[in-house]
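Please walk me through this structure.

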Amino acid sequence: MSYQAAAARSSGRRARPPRRQLGVALMFVAPALFGFVAFHLWPAIQGLYLSFTDWNVLSPAQFIGLDNYARLLQDPLFWNSLAVTAEYVAINIGLQTALALGLAVLLHRLTQSMVVRGIILLPYMIPNVVVALVGFWMLDYQLGIGNQVLVWLGLDRIPFFGSEFWAIPTIAGLNIWRHLGYTALLIFAGLQTIPKDLYEAGAIDGASEWRMFWRITLPLLRPVLALVLVLTVIGSFQIFDTIAVTTEGGPVNATRVIYFYIFERAFDQFDFGYAAAMSVVLMLILSGITLLQLRMLRAGESDLS
Amino acid sequence: MAVMSYNDADAGMRSDEVPVSPGVTRRRPNWGRIFAWAALLAILAATLFPFWWVLRTGLSHNHALASQAGSLLPADFTLGAFRRVLGLSTVAEAQAQGGSGASLNFWGYLRNSVVVCTIITVGQVFFSAMAAYAFARLRWPGRETMFLLFLLALMIPPIFTFLPNFVLIKQLGLLNTYAGIVAPFLFMTPFAVFFLRQFFLGISREVEEAAMIDGAGHFRIFARIILPMSAAPLATLSILTYILAWNEYLWPLMVGSGEDVRVLTVALGLFRQQEPAGGAPDWAGLMAGTFLAAVPVIVLFLIFGRRIVNSIQFSGLK
């Protein structure tokens, strides 16, 4: 607003038309613009082009039209990787959002302590690789403390990373540990914006805590929850580090998620064109999800007014 | 489960009340509050326990880990693993303790991480600030279009640009150089430009106009007025950038796995693959290295914790 006011004023008396500032502006933008073109825009265009070629880095890329995409439709490993990714995303998002919502409400009702908020954020500071290594150790079949506890409880040991059934839930669990506090803080910030008199009015009307949660907290939290979903869905589709350090796609193909599969095709098998085609598909999927979620976000905004 | 405990929470406790310590509660304690606190403490314990477990394992002797797998204290306490990781013990000593004999060259990787993260942070924040200044404070044709383009780049998943970027770095002959590792992050990220532009838009025009009347040019205004006035957001962005750079794995693994430029995250990933053949993995050594790799970020967090927590809450409100 201040900008518009100033602009109106300057057009009146100050003799500084936009043209005069173009040169200066370009000098300020130059480094960022260079980085943008060199490492974002041009690679994106190139990636799109590569997806229509057969290219193994050694010989020049050959244009083959839609062949990569046709091949992809018939690649069981590709479909498997999408299914595995979907399983991971579903577990990760479902559990993480529910737990984070609970944790945020607990924080909001019980304590505003900065120390507590700091502690729950601590895992987010730790590199994925470190989280993966620690998980690998703590859930080791023979020596891990996780299995030790199972034995104490009189249960059977679980091969957390070695079982086709448990591998994905285990990896999802590790990432939930790392991201829970971060997500809870985002929701906590949303909780703090809800006007307190709504709860007072509810209390006077004799509404129970449970009822107020469903009728006041949850509806008003919808925009924040939608934002959290946008962030976590996009993020969890890109699970890579944990898998590269622990299971490397196994057992069999149980954890060969799409990101890891693209990586393998490109850097183990030098099948760059095919890998590029898969990343185009991944981008389309992510864009679709984002658009869908932006709609949800907009639908949620009306509740605040 | 955690949501259920909300149900039981004291109906009289409203969100606007600053919690009082248990001793001076005005209401009688009820089971709901006790359950709620128990749930919170359980989450805090689950958050912190792995940190202790890493340290506990790093202070253990490999040969004792199997027999004392459930002991909460270090098994056969020794500083051997930390000595091994820091390169303070001989190959023979390391192997006697269950290590592979391969050293981690911890200090070298630490130096690489610090160099890479510092260059990325300084470059990215400064260049993004320059761009944000042009987008927020200058008027020029094409401004809106270019900003929209920057924002659109936020939507591109990294793997999509990752392959062509790798090829580019390879063709430029920058594989296994610091330049190759930092290049894609050095000049900007769309998020950094967006983040800083928000703050620059809020700075009052009067200060700037007064400086102009005094004859200051745009570079002077940028360096002497805008940057100092935005110290807080610049610091926040720098810390977040540093932590993200520190945690990066895939890109430095691809373009900088060579010994000379290998960063800590990559080194740990490779260290895990160099397990002693046939024998059990060197868990004590691995956990000692893991612990040391996490220390710098945790120290950063202890110093700037309040600022980081606030900035994440802030980003949730945007």
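The side chains of A:Asp271 and A:Arg265 meet in a salt bridge, at 3.7 Å from N to O. A salt bridge here is a side-chain nitrogen of Lys or Arg within 4 Å of a carboxyl oxygen of Asp or Glu. Both A:Asp271 and A:Arg265 are buried. Buried means under 20% relative accessible area, exposed means over 50%, and partly exposed lies in between (1.4 Å probe, protein chains only).

Before going on, some ground rules. This is a predicted model, in which local features need pLDDT of at least 70, side-chain atom pairs count only at pLDDT 80 or more, and totals for chains, interfaces and linings use all residues. Residues are numbered from 1 along each chain as its sequence is written, chains are lettered from A and ligands numbered from 1 in the order in which they are written, and side-chain values use heavy atoms, with hydrogens and water left out.

Helices are DSSP runs (H or I, at least four residues), as strands are (E, at least two), numbered from the N terminus.

A:Arg265 lies in H12 and A:Asp75 in the loop between H3 and helix H4 (76–110) of chain A, so the pair ties together parts that are 190 residues apart in sequence. A:Arg265 has 15% relative accessibility and counts as buried. A:Asp75 is buried too, at 9%. Over all chains, the count comes to nine salt bridges.

**Where the chains meet**

How many salt bridges are there between chain A and chain B? The count is zero. Five residue pairs are in polar contact across this interface, both residues being at pLDDT 80 or more. A polar contact is a pair of N or O atoms within 3.5 Å; within protein, one must be able to donate a hydrogen and the other to accept it, and residues adjacent in sequence count only if both atoms are side-chain atoms.

Helix H2 (residues 18–50) of chain A gives the most to the chain A side, with 23 residues. That side divides into 76 nonpolar, 21 polar and 13 charged residues. Here Ala, Val, Leu, Ile, Met, Phe, Trp, Tyr, Cys and Pro count as nonpolar, Asp, Glu, Lys and Arg as charged, and the others, Gly among them, as polar.

The contact takes 110 residues from chain A and 109 from chain B. Contact means heavy atoms within 4.5 Å. Together the chains bury about 10,400 Å², 77% of it on carbon and sulfur atoms. Buried area is the accessible area (1.4 Å probe) that two parts lose on being put together, summed over both. In chain A, the residues that lose the most area to chain B are A:Phe28, A:Phe39 and A:Trp137, together 9% of what that side buries.

**The nonpolar cores**

The largest nonpolar core has 160 residues. Such a core is a set of buried Ala, Val, Leu, Ile, Met, Phe, Trp, Tyr and Cys residues joined through side-chain atoms within 4.5 Å. Within the largest core, A:Phe78, A:Leu121 and A:Phe267 touch the most other members. A second, separate core of 37 residues includes A:Val29, B:Val125, B:Leu138 and B:Ala211.

Take A:Leu121 as an example. Not counting residues up to four places away in sequence, A:Leu121 touches residues of both chains, including A:Tyr182, A:Leu185, B:Phe301 and B:Ile308.

**A covered helix in chain B**

Helix H15 (residues 264–273) of chain B has eight of its 10 residues buried, so it is largely enclosed by the rest of the structure. Among the buried ones are B:Leu264, B:Phe271 and B:Arg272.
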